Structure formats: structure tokens, C-alpha cells
Amino acid sequence: MKRYLAIAALSMAVAPVAQAGVITTFANDLAGFTTAIGTASVTVEDFGPNTHFPISTGVLNSATNGVAGITAGLIQPGVTYSTPIGTGNFFNIDCCNASNGTPFLDTVTGNGPLTVSFDNATNAFGFQQLGFMGTVLHISINFSSGTPFSTDITLPGQNQFVGFVSSAADIASAVISGDNGTFTFAIDDFRFVSTPSTQVPEPTSTLLIALGLAGLGFARRKKA
């Protein structure tokens, strides 16, 4: 019996712990991003047809209603956009400029950053940055497990697409800000892949766990 208990304990002990996926960055490469996600279903948030400011709660999602003239359902479900509460127009759906004729999400410099939280963990997201965020994009991606991914991306001009694809459906949230621009963040056409919030264990993990449970069950039967 001790031998089977030892096998069961060993099988469970060596089962690998879930790790964060590997991130691939697509800077100014919407075509590459689209190819990478394949046929996955993608939601694109354009932040509606009108301006709204300030969003005084610091929170914007599909349930937002009665704040800055926003009605429930303006924002598509699946994502919550939030920023620390500030003063003045600290969180806005703003509009427009010569290169971007539709509303976009922003904050004036000194506020922010923007946190994007997914209802269900995803494997990919991206957005257009509108050239008001300075010269460098700072981004940190948080996973459902594992160490966060952080990187800085040089911003060459307006309306550059920036996308991120993980090797697993484990992206839980992201924090976005710029460097010395007119706005701390200014983004449009935020897109993300809708994926299940739970991950399927790797085959080796499943096998080891099954062996461990089987060993415990056998040991109990022998004892009986």
C-alpha cells in the first residue's frame, strides 16, 4: 500500500504548474495579427458614434448607463476599460482629428493609465494608437497565471496598430500608457478574441493526475 501511495504522491507532485503563454507582438502589422489569430471570432470596439466626457466613474463597459450621456449597450460586452479617477476630462470618448474621424477613448496627460480587463481570458487583443501618446507605448499584460509580460514599443506615427497574441488563452488584463504625449492613452478600434476563461490541462498533466488518483483509489481498495 505504501508503494502505491508513493506513486500517487509522486505523480501529483511532478504535474507541471500552469505558466503564462508566450507573447508575440505585432507593431504596425494588422495583417500579421489577423493571420496569427486565424479564424477565431474577433470583437472590434469602435466606442460608438458620439463623444462622451468625462466618464466620471472611471469605468466603461457594456453596463455603463447614465454616465456622460452613455447608455447601456453602447460598449460591446467582454471588456471593461478603467482608469484612476481624476479631475476635469480625465476619461473620455473623444473626437476627432484629421487622421481619425471617429470617436476614440482617451485621457489627458497626467491621468491614466488605461486598464483593460477581459471578462474571459483571451489569447489576443490589439488597438489603433492615435499618435497622441508620445513616442513610446508602455504596456503590461497580466495572465490568469504566471509572470506578467511588459514591453515598450516605439510609436512612429498616428494610427499605428499594435497587437499581442499569446500562445495560450490566458490574457486576463492589460495596462496601457504612452510617454510624454498630449494624452496618456488614446486608442480606437480595440479588438479582442473571445475565448473560454478556463484552460484545458496539457495531456501530460492530465495523465499524471489520473495516475495519481488511480493509485490512491487502488491503495484504498487494498486497505479495505
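Trainee: Is Asn 28 buried or exposed?
Mentor: Exposed. This is a predicted model, and in it Asn 28 has a relative accessible area of 54%. That counts as exposed because the cut-off is over 50%.

Trainee: Where does Asn 28 lie?
Mentor: In the loop between β1 (23-27) and α2 (30-37).

Trainee: And what about its phi?
Mentor: The phi of Asn 28 is positive, about 55°, although Asn 28 is not a glycine. Most residues other than glycine have a negative phi.

Trainee: What is the phi of Ala 68?
Mentor: Positive too, about 55°, and Ala 68 is not a glycine. Ala 68 sits in the loop between β3 (59-60) and β4. Its relative accessible area is 28%, so Ala 68 is partly exposed.

Trainee: Switching to peptide bonds. Which bond is cis at Cys 96?
Mentor: The one joining Cys 95 and Cys 96, with omega about 0°. Cys 96 is in the loop between β5 (92-94) and β6. There is also a cis bond from Gly 112 to Pro 113, with omega near 5°. Pro 113 belongs to the loop between β6 and β7. For background, most peptide bonds are trans.

Trainee: Now the inside. How many residues are in the largest nonpolar core?
Mentor: It has 39 residues. Leu 60, Tyr 81, Leu 105, Phe 125 and Phe 190 have the most contacts inside it. Elements giving two or more residues to this core include β4 (79-82), β9 and β12 (171-177).

Trainee: Which element gives the most to this core?
Mentor: β13, with 6 residues.

Trainee: What does Phe 190 touch?
Mentor: Leaving out residues up to four places away in sequence, its partners include Val 44, Phe 47, Tyr 81, Phe 118 and Phe 125.

Trainee: One more. Why does Ile 141 count as buried?
Mentor: Because its relative accessibility is 0%, and buried means under 20%. Ile 141 lies in strand β9 (residues 136-143).

Trainee: What is Ile 141 in contact with?
Mentor: Setting aside neighbours within four places in sequence, its contacts include Ile 23, Phe 125, Phe 149, Phe 164 and Ile 171.

Trainee: And how far apart are Ile 141 and Ile 176?
Mentor: In sequence, 35 residues. In space, 8.9 Å, C-alpha to C-alpha.

Terms used:
Residues are numbered from 1 along each chain as its sequence is written. This is a predicted model: local features need pLDDT of at least 70, side-chain atom pairs count only at pLDDT 80 or more; totals for chains, interfaces and linings use all residues. Side-chain values use heavy atoms; hydrogens and water are left out. Helices (H or I, at least four residues) and strands (E, at least two) are DSSP runs, numbered from the N terminus. Buried means under 20% relative accessible area, exposed over 50%, partly exposed in between (1.4 Å probe, protein chains only). Contact means heavy atoms within 4.5 Å. A nonpolar core is a set of buried Ala, Val, Leu, Ile, Met, Phe, Trp, Tyr and Cys residues joined through side-chain atoms within 4.5 Å.
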